[in-house]
Amino acid sequence: MAMTSTPVPGADPASAHFFHSLDEGRLDLLVCRQCGTAHLAISVCDVCGSIDFSSEPASGIGIIYSFTRVHIAHHPAFADQLPFCGGIVELAEGPRLFAPLLGEEPISVGAPAIFEWQQADGRGFAAFRVSAAASQ
Amino acid sequence: MKPQLDAAIVGLGQTGLTRTESRSAAELARLAVIAAADDAGIGISGIDGLILCRSGGASDAVLGLDLQRALGLRELKLNRIVLCEGASALAAIQTAALAVSAGMATNVACVFADAPVTPGTRISTAFGRQKTGMGMEGLRYTAGLFGGAAVHALSAQRYLALHGLSEDVLADVAITTRAWASLNPHASYRQPLSRSDYFSARYIADPLRLFDCAAPVNGAIAVVVTTGARAADGAQPAVRILAYAEGHPGAPDRQGFDRALTHGGALAAKTMFERTGLTPADIDICEFYDAFSIMPLLALESYGFYPPGHACNAYAQGAAAPGGTAMPINTGGGHLSGYYLQGMTPVAEAVLQARRAAGDRQCARARTILVTNEGGRLDYHAGMIFGSAGQWL
């Protein structure tokens, strides 16, 4: 099977900063200067309506909001990893994102997860390493 | 009981509904509209409005406004495409109901068609098409979560974890729905499903197994909507549209919200029940959008039939199955064992039940029927309550 890289989405206006930072190896937040809400991708703060944000590095620490083990590869990048885990991680600062999940199984909802920078075709993306032991 | 609208469904047409069907979506749609018009006793020349249901989840074979020409329809007063993802069918019927209520058109056909299955190829290729997407939502593909099963698995996983439930509650949904399908000659899977059959089927995306996922088919379903007054003289028993509401939660993806379990039914239920004076206790049958087994459980809770984490009681000991002790659910086999034509699957079954034309699976009480449609990953929701002829006015 020919290797094909993990697909990484293009940026839209709200996510331009998020994807640009990841391409450079950083997981950055956009923190609302008015109400302090942390976002990953935002144009107008949905809490207070502000359009003024400061870029701050995320701690890279989160928990598993939910996850699944996938048994069908719809994309060649995942064909030799079956079954593999993906899910949604909730960062300690609050925002959530879809991410590939690495590490030992079993994974559980609420388990700690740590940001791990990965690259595909010159793009950076956020994966998270889950510790099964720490989740017990 | 005060109906929100003076409109009714008077015609139903179905074509295909199999994996061996090889006609195009456009041709299937054409045949379904003709069948619905004939069923209504008005013939295709009686149709003066056309609404096509569009969904991003459907295959590439989408319908266009030129279906009018394929049908030879002249001087339509309404021709449009309604897009609300999986909720497009009810949204289309609502648009038709508004149009006939306002006198914009008289007999409006609403149609959904899809042909995702290439006969002879693997079913899993039907809905897991390669995508990259844009922005944060596109990260689902980076995570390897392509088809609908993978993202609904996230809702199912979290639901089971939060409420301390086992996969048996999903099995109960699949087994009950199969029992209804066994009584439906159009259903894809009619063999009884044992608990051991369910658990020995392969996982698609944990905790969802094969029989937690919809049965894709090629086919089309059309309905004809007219005013309540005209419906009373129709060829078929009228199916009144008692209520309609949408609910699109828009829950943020961050701490303090629970997007994967926030279901628009809560908002739609409030609107429909308040405006009609009906309550969950008045509902005789539910026809839920059940592309994945988790969905009816979430719908039962959002509509107020059960508190969070308790919807499994609707299915326990076969309560919702044929001959069961409680409210029948997805009486045609739903998407899971029947056929997946998005929002039109529950609509067609509700129409047949309300007409008392559901054959071996006809429910004794079928006066008031709740139908739901879901789109996205629980992002877009529509609900409609149907009333059988003569029961409500």
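The model is predicted, so local features need pLDDT of at least 70, side-chain atom pairs count only at pLDDT 80 or more, and totals for chains, interfaces and linings use all residues. Residues are numbered from 1 along each chain as its sequence is written, chains are lettered from A in the order in which they are written, and side-chain values use heavy atoms, with hydrogens and water left out.

The interface was examined by contact (heavy atoms within 4.5 Å). Chain A contributes 45 residues and chain B contributes 43 residues. The size of an interface is often given as the accessible area lost when the parts come together. Here the area buried between chain A and chain B is about 3,400 Å². Buried area is the accessible area (1.4 Å probe) that two parts lose on being put together, summed over both. Carbon and sulfur atoms give 63% of that area. In chain A, the residues that lose the most area to chain B are His74(A), Arg96(A) and Phe98(A). Together they account for 23% of what that side buries.

Polar links also cross the interface. Between chain A and chain B, 18 residue pairs are in polar contact, both residues being at pLDDT 80 or more. A polar contact is a pair of N or O atoms within 3.5 Å; within protein, one must be able to donate a hydrogen and the other to accept it, and residues adjacent in sequence count only if both atoms are side-chain atoms. Several elements of chain A give two or more residues to the side that touches chain B: α1 (16–23), β2 (38–39), β4 (61–70), β5 (84–91) and β6 (96–103). Helices (H or I, at least four residues) and strands (E, at least two) are DSSP runs, numbered from the N terminus. By class, this side of chain A has 27 nonpolar, 13 polar and five charged residues. Ala, Val, Leu, Ile, Met, Phe, Trp, Tyr, Cys and Pro count as nonpolar, Asp, Glu, Lys and Arg as charged, and the others, Gly among them, as polar.

Side chains of opposite charge can pair when their charged atoms come close. A salt bridge is a side-chain nitrogen of Lys or Arg within 4 Å of a carboxyl oxygen of Asp or Glu. The whole structure holds 26 salt bridges over all chains. Two of the kind are found across the interface of chain A and chain B. Asp206(B) forms a salt bridge with Arg69(A), with the closest N and O atoms 2.4 Å apart. Within chain A, Arg123(A) and Asp23(A) meet in a salt bridge of 3.0 Å, N to O. This pair links distant parts of the chain, 100 residues apart. Arg123(A) lies in strand β8 (residues 123–130), and Asp23(A) lies in helix α1.

The backbone shows some local features. Asp206(B) is joined to Pro207(B) by a cis peptide bond, with omega about 0 degrees. Pro207(B) sits in the loop between β5 (203–205) and β6 (208–209) of chain B. In chain A, the peptide bond from Leu82(A) to Pro83(A) is cis, with omega near -15 degrees. Pro83(A) is in the loop between β4 and β5 of chain A. Gln342(B), a residue other than glycine, has a positive phi near 45 degrees. Gln342(B) lies in the loop between α11 and α12 of chain B.
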